[in-house]
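Here is a short briefing on one protein model. Look over the sequence and the coordinates, then read on.

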Amino acid sequence: MIYTVTFNPALDYVISVDHFQTGVVNRVNEEHIFVGGKGINVSFILKELGYSTKALGFTAGFTGEKVKAGVKEMGVDGDFIDVEEGMSRINVKLRSDEETEINGMGPHITEADLYKLFAKLDKMGKSDVLVLSGSIPSCVPNNIYETILEKLASKNIYAVVDATGQLLVNVLKYKPFLIKPNNFEIEDIFNVKLQGEEDIVKYAKKLQEMGARNVLVSLAGDGSLLVDENGETHRMGVCKGKVKNSVGAGDSMVAGFIAGYLKNGDYEEALELGTASGGATAFSDSLATKDFIYENLRNLRGNK
């Protein structure tokens, strides 16, 4: 089984405004509401690629009820913990000459709520996959990812961590199967300025020395790079298309990589499917569909 954890899911209110200006009334010319959350995004793409998941997390209030209903409509098996205080977030994503985001606060998660999550995760068994992605709310201890992986250390699971800064660094001692920093996050972790691909590989290997088994580095318009646990370096360009949406593209890459690896354990194929999945979401109004992912995969292979 594949488990994803979304500590702070949300309703994403995505609006388009021509030439947005501050201090005046702006008229929306297009609007959508999506269920948001990095773990939920990973679960949806995995579902599109034929893999069942269980999406865990915390919800509260009327927005939380809408999140749970939306996850169900997406065809994802949600198993959320209801929190008493506060409400699930509404995040505003403004698309205009520039993209702007305003993210809500989310509910207050207590220690008792966390123990309910631990109980659900304790059901995991050998070779199950756990995806921990995104930031965590201020009400949750900042070592929560460490705590989770410590509790699961004896279960021999595949841990996938998509986080930034110390949140990522602090889990490396638990030898996660996959981490996905971008080049800027690597610079921040090591306080360096990367000068090229050789530097990226160098510091990806340092992350391996710190515990990560596989390091997938997203490079935005320059594609991605994988340093795998066998010491091999894989380089992948980007899919060709018009970018419509940056929300969920990184999560889609993670999901595609997991699906590609689970198919036959081949890291090159995993990187291809991850790249195609991320590109397909970037070229879509929301998360990508299976057909569009595989269309991008064919185009990616044709351009190699």
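Lys-175 is exposed, with a relative accessible area of 55%; exposed means over 50%, buried under 20%, and partly exposed in between, with a 1.4 Å probe and protein chains only. This is a predicted model, in which local features need pLDDT of at least 70, side-chain atom pairs count only at pLDDT 80 or more, and totals for chains, interfaces and linings use all residues. Residues are numbered from 1 along each chain as its sequence is written, and side-chain values use heavy atoms, without hydrogens and water.

**Positive phi in loops**

- Lys-175 sits in the loop between helix 5 (165–169) and strand 10 (178–179). Helices (H or I, at least four residues) and strands (E, at least two) are DSSP runs, numbered from the N terminus.
- The phi angle of Lys-175 is near 55 degrees, a positive value in a residue other than glycine.
- Asn-156 also has phi near 55 degrees, positive in a residue other than glycine.
- The loop that holds Asn-156 runs between helix 4 and strand 9 (158–162).
- Asn-156 counts as exposed, at 51% relative accessibility.

**Overall build**

- The protein has 10 helices and 13 strands.
- Its radius of gyration is 19 Å, close to the 19 Å that the globule rule gives for 304 residues, so the protein is as compact as a globular protein of that length. The radius is taken over C-alpha atoms, and the rule is 2.2 Å times the number of residues to the power 0.38.
- Along the principal axes, the C-alpha atoms fill a box of roughly 50 × 45 × 40 Å.
- Of the 304 residues, 53% are buried.
- Among contacts between residues at least 6 apart in sequence, 64% join residues at least 24 apart. Contact means heavy atoms within 4.5 Å.

**Surface and charge**

- The protein exposes about 14400 Å², and carbon and sulfur atoms supply 47% of that area. Accessible areas come from the Shrake-Rupley method with a 1.4 Å probe; for residues, only the protein chains shown count as cover.
- There are 33 positive and 42 negative side chains, and the centres of the two sets lie 3 Å apart. Lys and Arg count as positive, Asp and Glu as negative; His and the chain ends are not counted. Each charge is placed at NZ of Lys, CZ of Arg, CG of Asp or CD of Glu.

- Helix 3 (residues 111–121) has Asp-113, Leu-114, Leu-117, Phe-118, Lys-120 and Leu-121 buried.
- These residues cover an arc of only 160 degrees around the axis, which puts them on the same side of helix 3. The arc is that of the directions from the helix axis to the C-beta atoms.
- Their cover includes strand 1 (2–6), strand 4 (53–59), strand 5 (77–82), strand 8 (129–133) and helix 4 (144–151).
- Helix 4 is mostly covered, with 6 of its 8 residues buried.
- The cover of the buried residues in helix 4 includes helix 3, strand 8, strand 9 and helix 5.

**Two residues in context**

- Phe-58 is found in strand 4 and counts as buried at 0% relative accessibility.
- Beyond its neighbours within four places in sequence, Phe-58 has contacts including Phe-7, Phe-80, Asp-113, Leu-114 and Leu-117.
- Phe-58 and Val-5 are 53 residues apart in sequence, and 8.9 Å apart C-alpha to C-alpha.
- Ile-189 lies in helix 6 (residues 183–190).
- Leaving aside neighbours within four places in sequence, Ile-189 is in contact with Gly-165, Leu-168 and Val-169.
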